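Please open the structure in a viewer and keep the sequence beside it.

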Amino acid sequence: MNGSRPSGPLAAVPAGYKFALLFVASITLYAVPGLAAQIVFFALAVAGVLLTRTPPLRLVRMLLGLFLVVGIVFVTLGLTSTWEAATISALRLLSLCLFACTVTLTTAFSEMLALFETLLRPTGRLGLNPAQISLALSMTIRFIPEIRAQYLAIREAQFARGLHNSPVAVLVPLLVRTLEAAQEISSAIDARCYDSAPPVRRPVPPVSD
């Protein structure tokens, strides 16, 4: 995974505040009706993504698939209902995804891990391991965009070699890189003893005189 530290003015905001705002935004987007309100939310979401200071080319690669999927949803809803309703639904989906993208781009993995572990600490009373659960959540959020980035890089490299219509030439290197990354992550988890049970404290026998 990318070890670079998030940059931009939003990187200094605590992770808890950003995830709380994301939660509130996800509810507000569907609670507030009207096209005008959705346009305002979409403008705020775009501004948030731009504040991440992500290189434009990388940003386009990240969001291209999102806009393609939302475009299909927009056309489908427009043909089956009204175009205004389709526009509202498309803007809601885009705004929510852009807000989430802003949070992940401006939050370091360590901050995400610490936040989830704090929130999930009460699950320890149920016999669960908060460290394991928080690590899984953090890695899921971070690892999915990384797989997409690896796929785009491999596809461009194979296209440069003239392999335009060879899915195997893309999927095999992607699988190898994914397995290598998984092995590195597994080694890091073992080194930090996330999978080990807490040590059992045994009573110390009294010392006889």
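Is Trp83 buried, partly exposed or exposed? Trp83 is partly exposed, with a relative accessible area of 45%; buried means under 20% relative accessible area, exposed over 50% and partly exposed in between, with a 1.4 Å probe and protein chains only.

The model is predicted: local features need pLDDT of at least 70, side-chain atom pairs count only at pLDDT 80 or more, and totals for chains, interfaces and linings use all residues. Residues are numbered from 1 along each chain as its sequence is written, and side-chain values use heavy atoms, with hydrogens and water left out.

**First selection: Phe19 and Phe116**

Two aromatic pairs are counted, where rings of Phe, Tyr and Trp (its six-membered ring) pair if their centres lie within 6.5 Å, and planes under 30 degrees apart count as stacked, over 60 as edge-to-face and the rest as tilted. One of them joins Phe19 and Phe116 edge-to-face, at 5.5 Å centre to centre and 70 degrees between the planes. Phe19 belongs to helix H1 (residues 15–31) and Phe116 to helix H5 (residues 109–119), so the pair ties together parts that are 97 residues apart in sequence. Helices (H or I, at least four residues) are DSSP runs, numbered from the N terminus. Phe19 is buried at 19% relative accessibility, and Phe116 is buried at 11%.

Phe74 and Trp83 form a tilted pair, 5.4 Å centre to centre with 50 degrees between the planes. Phe74 is partly exposed, with a relative accessible area of 28%.

Show helix H3 (residues 56–80) and helix H4 (residues 83–105), whose axes come within 9 Å and cross at roughly 160 degrees. Axes are lines fitted to C-alpha atoms, for helices over the stretch in contact, and angles run from 0 to 180 degrees between N-to-C directions. H3 is therefore roughly antiparallel to H4 (over 145 degrees). The contact (heavy atoms within 4.5 Å) includes Phe74 and Leu66 of H3, and Trp83 and Leu94 of H4. Its residues divide into 19 nonpolar, three polar and one charged; Ala, Val, Leu, Ile, Met, Phe, Trp, Tyr, Cys and Pro count as nonpolar, Asp, Glu, Lys and Arg as charged, and the others, Gly among them, as polar.

H1 and H5 pack at about 75 degrees, with their axes 9 Å apart. H1 is thus roughly perpendicular to H5 (65 to 115 degrees). Here Ala15, Gly16 and Phe19 of H1 meet Glu111, Met112, Leu115 and Phe116 of H5.

Key: Helices (H or I, at least four residues) and strands (E, at least two) are DSSP runs, numbered from the N terminus. Angles under 35 degrees count as roughly parallel, over 145 as roughly antiparallel, 65 to 115 as roughly perpendicular and the rest as oblique.
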